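Trainee: I have a model open and would like to learn how to read it. Where do we begin?

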Amino acid sequence: TALFWYWVKRSQFEEGKSWLLRAAAAPAQPRLRGRVLYGLMHMYHFQDDQPSAAGCAVEIQSLAADSADSWLLSVGLFSEALTAFELGHLDRAQAVATRACAAAIDCGELIEQGGPLMVLANVALARGQQSEALILYDKSIDVHRTAGDAWGLSVLLSITAGLRVVRDDFGTARRHAAESLLLCESLEDPRGIAWAL
């Protein structure tokens, strides 16, 4: 399960999925099974198999309820919010992402707040609320900077660069895109490099 971020950041989704599916077939304690499912959710998400990603989210939340694990609840809610957004269920995505933010605070891991904030920003942007979206993206950027998550930061900087171009803020857009590109090059992330370019 520790390798799932490696596969995501290297865009090796098929390889990651094959190993994680094998791991999912083995019995495991709730936290470990939840990590396997969280990794699988990412593989499915980036391959645009949102129904399978949503299935992982449901199972993670079930494990969280059975084990009273606040981290599992946090990542399970984020996973559900992300897939709801991708499936176009904006009200559901917003409601669940709000719950995910609260669960992330409860679990005590700062980085877990970043994803739900990004989903809330995505919902605001989809509704045409660009100013609100920028505020939420910037909050998520701050979380990723503080937590030291270069990959998540690179994704958010790329998103905000595009939004700032639309808003004619070319100076900030260029800085965000350039920083995203540097981060993605250092991570050897081909998907991120393409987005930043």
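**Overall form**

Mentor: Begin with the radius of gyration. For 197 residues, a compact globule would have a value near 16 Å, and the chain has 16 Å, which agrees. Keep in mind that this is a predicted model.

Trainee: What does the C-alpha trace span along its principal axes?

Mentor: About 50 × 35 × 30 Å. As for burial, 48% of the 197 residues count as buried.

Trainee: How many helices and how many strands does the chain have?

Mentor: Eleven helices and zero strands. Along the sequence the pattern reads α-α-α-α-α-α-α-α-α-α-α.

Trainee: What share of the contacts comes from residues 24 or more positions apart?

Mentor: Take the contacts in the chain with a separation of 6 or more. Residues 24 or more positions apart account for 56% of them.

**Reading a helix**

Trainee: Which residues of α10 are buried?

Mentor: First the general idea. An α-helix has 3.6 residues a turn, so residues three or four places apart point the same way. Now the case here. Thr172, Ala173, His176, Ser180, Leu183 and Cys184 are the buried residues of α10. Viewed down the axis of α10, they fall within an arc of 100 degrees, so they line one face of the helix.

Trainee: Which exposed residues sit on the face turned away from that buried side?

Mentor: Arg174, Arg175, Leu182 and Ser186.

Trainee: And what do the buried residues of α10 pack against?

Mentor: Three helices: α8 (130–147), α9 (150–166) and α11 (190–196). Glu188 follows, and its phi is positive, near 55 degrees.

Trainee: How many residues of α7 are buried?

Mentor: Eleven of the 13, so α7 is largely enclosed by the rest of the structure. Among them are Gly114, Gly115, Pro116, Leu117 and Met118. The list also includes Asn122.

Trainee: Which helices do the buried residues of α7 pack against?

Mentor: α5 (70–86), α6 (90–107), α8 and α9. Just after α7, Gly128 takes a positive phi of about 80 degrees.

**Reading aromatic pairs**

Trainee: How many aromatic pairs does the whole structure hold?

Mentor: A search finds seven. A pair of aromatic rings is described by the distance of the centres and the angle of the planes. Now apply that to Phe4 and Tyr38. Their ring centres are 5.6 Å apart and their planes lie at 80 degrees, so the pair is edge-to-face. This pair links distant parts of the chain: Phe4 is in helix α1 (residues 4–9), Tyr38 is in helix α3 (residues 30–46), and they are 34 residues apart.

Trainee: Are these two residues buried or exposed?

Mentor: Phe4 is buried, with a relative accessible area of 1%. Tyr38 is buried too, at 6%. Tyr38 also pairs with Trp5: the ring centres are 6.5 Å apart and the planes at 85 degrees, so that pair is edge-to-face. Trp5, in α1, is 33 residues from Tyr38 in α3. Trp5 counts as partly exposed, at 28% relative accessibility.

Trainee: Which residues do ring pairs link into a cluster?

Mentor: Phe4, Trp5, Phe13, Tyr38, Phe46, Trp71 and Trp151.

Trainee: Which residue lies over the face of Trp195?

Mentor: Arg191, at 4.5 Å from the ring centre.

Technical notes: Residues are numbered from 1 along each chain as its sequence is written. This is a predicted model: local features need pLDDT of at least 70, side-chain atom pairs count only at pLDDT 80 or more; totals for chains, interfaces and linings use all residues. Side-chain values use heavy atoms; hydrogens and water are left out. Buried means under 20% relative accessible area, exposed over 50%, partly exposed in between (1.4 Å probe, protein chains only). Helices (H or I, at least four residues) and strands (E, at least two) are DSSP runs, numbered from the N terminus. The arc is that of the directions from the helix axis to the C-beta atoms. Contact means heavy atoms within 4.5 Å. Rings of Phe, Tyr and Trp (its six-membered ring) pair if their centres lie within 6.5 Å; planes under 30 degrees apart count as stacked, over 60 as edge-to-face and the rest as tilted. A charge sits over a ring if NZ of Lys or CZ of Arg is within 6 Å of the ring centre and within 35 degrees of the ring normal. The radius of gyration is taken over C-alpha atoms; the globule rule is 2.2 Å times the number of residues to the power 0.38.
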